[in-house]
Amino acid sequence: MIGVLIALVLLFAAPGAVRAHQASIAVMSVTEIQPGRYALRWDNRPFLTDEQPVAPIWPETCAQNGLVLVCTGGGLTGRVGFEGLGQTQSAAMLKVRALDGATQVVTMTAAAPTARIVPNFDPESWAGRADITTAYVAIGFEHILQGIDHLLFVLGLMWVARGGWM
């Protein structure tokens, strides 16, 4: 009961501090069309602002020209990322599809703006599942810790559950 009262006091005491945000994620698909040559497509285009645009960062062996990416020395492997995360976009996702159909999806946030693309990635392997799980747990924690509304929501869930495995 005291926890509910404290939450209500905090909620009404500082209404100017409470704000909503868009749960926005930029999504780019990268499809290999020839060995080392990729077509780029925004599936969910980032918001455009004057502050800092969200833009992909490619490995040094790759060069982007419009919506085409050309990578030498074994294709798209190494560190990729997005600059400008955290202002208007909470995260960015990169879906990489190789010529053989193998797909790797990496997610980046302002706290972890880069990820590693590996050749012959197998999402069904133990290492692949561990990479995916680690990325989403980190995103979840970062999202919850972004604001008091997230923390109050989690506390509310704990209050409603009230015990064990309920």
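Analyst: First, a term we need: two residues are in contact when heavy atoms lie within 4.5 Å. Keep in mind that this is a predicted model.

User: With that cut-off, which residues does Ser29 touch, not counting residues up to four places away in sequence?

Analyst: Ser29 has its place in strand β1. Contact here means heavy atoms within 4.5 Å. Leaving out residues up to four places away in sequence, Ser29 touches Ala39, Leu40, Arg41, Asp43 and Lys95.

User: Is Ser29 buried or exposed?

Analyst: Buried means under 20% relative accessible area. Ser29 has 7% relative accessibility, so Ser29 counts as buried.

User: With which side chain does the side chain of Ser29 make a polar contact?

Analyst: Asp43 is among the residues that Ser29 touches. A polar contact needs a pair of N or O atoms within 3.5 Å. At 2.3 Å, the side chain of Ser29 has such a partner in the side chain of Asp43.

User: How far apart in space are Ser29 and Trp42, C-alpha to C-alpha?

Analyst: In sequence, 13 residues separate Ser29 and Trp42. In space, their C-alpha to C-alpha distance is 6.3 Å.

User: Stay in β1. How far from Glu32 is the nearest side chain of opposite charge?

Analyst: Glu32 is found in strand β1, residues 25-34. Glu32 is buried yet has no salt bridge. A salt bridge would need a side-chain nitrogen of Lys or Arg within 4 Å of a carboxyl oxygen. The nearest side chain of opposite charge belongs to Arg97, and its distance is 9.3 Å.

User: Which backbone nitrogen lies 3.0 Å from a polar atom of the Glu32 side chain?

Analyst: Not counting residues up to four places away in sequence, Glu32 touches Arg37, Tyr38, Arg97, Ala98 and Leu99. The backbone nitrogen in question lies 3.0 Å from a polar side-chain atom of Glu32, and belongs to Gly36.

User: Now the strands. How many bridges join β4 and β5?

Analyst: β4 covers residues 62-65 and β5 covers residues 68-71. They form a hairpin with two residues between them. Gly66 in the turn has a positive phi of about 65 degrees. The strands pair in the antiparallel sense, and the number of bridges is four.

User: Which residue in β5 stands opposite Cys62?

Analyst: In β5, Leu69 has Gln64 opposite. For Cys62, the residue opposite in β5 is Cys71.

User: Which side chains of β5 point to one face and are buried?

Analyst: The side chains alternate along β5.

User: How many bridges join β2 to β5?

Analyst: β2 spans residues 37-44 and runs antiparallel to β5. Ala39 stands opposite Val68 in β5. The number of bridges joining β2 to β5 is three.

User: What is the relative accessibility of Leu94?

Analyst: Leu94 lies in strand β7, residues 91-97. Beyond four places in sequence, its contacts include Met28, Trp58, Phe82 and Met108. Leu94 counts as buried, because its relative accessibility is 1%.

User: Step back to the chain. What share of the 166 residues counts as buried?

Analyst: The chain has three helices and nine strands. The chain exposes about 11,000 Å², with carbon and sulfur atoms supplying 63% of it. Of the 166 residues, the share that counts as buried is 26%.

How values were computed
Residues numbered from 1 in each chain as written. Predicted model: local features only at pLDDT ≥ 70, side-chain atom pairs only at ≥ 80, totals over all residues. Heavy atoms only, no water. Buried < 20%, exposed > 50% of the residue type's maximum accessible area, 1.4 Å probe, protein only. Areas by Shrake-Rupley, 256 points an atom, 1.4 Å probe, with all protein chains shown as cover. Pairing = 2+ DSSP bridges. Lys, Arg positive; Asp, Glu negative; His and termini not counted. Polar contact = N/O pair within 3.5 Å; in protein donor to acceptor, adjacent residues only side chain to side chain.
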